[in-house]
There are 2 protein chains.
Amino acid sequence: MHGPATEGRLSHAVGRQRAPAGFVPDVASDFCRSCALSSVCAMVGYGKPELSPLHGLMEHLGPYRAGETIFRQGDPFEAVFAVRAGTVKTRQLDHQGRERVLGFFLPGEVIGLDAIYPDRFPCDAVALEDAQFCRFSFSAMSALATRQPAVQRHLFRLISRQLGMSRLLAGDYSAGERMAAFLVDLGERYAARGFPGTHFQLSMSRSDIANHLSLAAETVSRILSRFRAKGLIGIRGRVLHLHDTQRLRDLGRKLLAA
Amino acid sequence: MHGPATEGRLSHAVGRQRAPAGFVPDVASDFCRSCALSSVCAMVGYGKPELSPLHGLMEHLGPYRAGETIFRQGDPFEAVFAVRAGTVKTRQLDHQGRERVLGFFLPGEVIGLDAIYPDRFPCDAVALEDAQFCRFSFSAMSALATRQPAVQRHLFRLISRQLGMSRLLAGDYSAGERMAAFLVDLGERYAARGFPGTHFQLSMSRSDIANHLSLAAETVSRILSRFRAKGLIGIRGRVLHLHDTQRLRDLGRKLLAA
DNA sequence: AGGCGGGTTTGACGTGTGTCAAAGCCTTCC
DNA sequence: GGAAGGCTTTGACACACGTCAAACCCGCCT
């Protein structure tokens, strides 16, 4: 939990793909404005190039190509990652090699918080499109949090938030409810990060969606067809339009309300 | 997030049931030894009656009778609760009043961490048997955490841990797998808290179990009968014996492995 | 002790969704 | 441009589990 992270099983990626040392993030940029960790960067004075009070807290990572792995199940936990561009899925591999898709992450969202307790990453993180990241040394961030109560509070809330969200998929919901909630949630998350919330590309395959929602890929396909037939969405390949968000939200209300 | 909690919607319970002011917990006691927050108490010198460096951090609560509510969905978040005795279920109530059982908590376990982000409790906590609690002011604990990195780290890990666990119920597992994993998990948690791990009372009803596992109560009953017929368990009413933990663990391996 | 009531068990039946299969579509790569 | 392969769609069928119903059991209260 301390020291630079250039050693260990992440080094193949970290060593090769680090951003040039002179790079300084800009909290006011499009990239950073909507990031869940922007307040952490702001706190240490990033954005003012002349200050670097906590060199080693954050560094850029990438670009990764679609399909490449950012970290692997079992890797020692040393940092969390904010998605800067692209999208990511996290997955666990069964003892029999069967995949289990835990979640999808959009720009501005944070990966790796579930690794704090076991001190190892409990899942792989795989880029679904070309992607870039900000890597936050967790030991540096913890140290900062003891000096800055606002940072500590922010981290507590960030982890607690995922706790509440990860429970949503545990109920006994129908395939339609799950799909509706999934689509609405995705739209809201895109919107929250400054993208159009009713018109976007699904960066993951039907079977990834199915796996994530505990459905069969065929069921996902059927439900999407049904939604289209009812005029709720438009979908062609992976290009999605949400036509009637309100009705979708009603369908997924059981999951979305919390 | 600050100030005493004697006001607000918790006051009916808090005001009436607080332990006498002179009470001092004893970290070496049976009650405390296995508690997930014992290190926090130890950190501030509880157990040494002459010290009280952080009066207001923790206080005792209860006893509550079976069926009584410790906190309610929507209550403002001011504290987390460690179970001192008895067992508890947390549940959400649907917009239509349908119950959703989120979890069961044994002595030594901590309730309320999912309330940090929304700043309100997302669920009710209901005593399943007569129960007592230690109430930890979260603002006091946060303040302590900024001074004691070990406490901060402990809290991060505690929340992150629940994050990993709450994902287990989200997969598409068969009823048998769910039940097996549930029983083994319960046994291990009892064992971790110093109770016999293969012989205990289920403090919750079949329908609570069913709801929690996203099954029908009838299915739970049927699975338990099947497990008994196969010699895996003995069960009579709510008294449970785990006869073949190994085979149960195999059945629930998909969930338990992580 | 007796009787009430909720929880539990067991059976019969229906259905949502998984599985298997085949055809179609899109993308990629040569 | 054409072929190959993976992803997607659609259909037919099976099965695990939910639902409905009835009987049972047990604790609890009078």
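Helices (H or I, at least four residues) and strands (E, at least two) are DSSP runs, numbered from the N terminus. The model is predicted: local features need pLDDT of at least 70, side-chain atom pairs count only at pLDDT 80 or more, and totals for chains, interfaces and linings use all residues. Residues are numbered from 1 along each chain as its sequence is written, while chains are lettered from A and ligands numbered from 1 in the order in which they are written.

Select DNA strand D and the residues near it (C-beta atom, placed from the backbone, within 6 Å). There are 18 such residues, and among the closest are Arg206(A), Ser221(A) and Ser174(B). Helix α8(A) supplies the largest share of this surface, 6 residues. Elements giving two or more residues are α7 (206–213) and α8 (217–229) of chain A, together with α8 (217–229) of chain B.

Next, display chains A and B together.

Now select Phe136(B). Leaving aside neighbours within four places in sequence, Phe136(B) is in contact (C-beta atoms, placed from the backbone, within 7 Å) with residues including Leu37(B), Val40(B), Leu57(B) and Met141(B).

Finally, go to Ser214(B), in the loop between α7 (206–213) and α8 of chain B. Its phi is near 60°, a positive value in a residue other than glycine. Most residues other than glycine have a negative phi.

Notes:
Contact = placed C-beta atoms within 7 Å.
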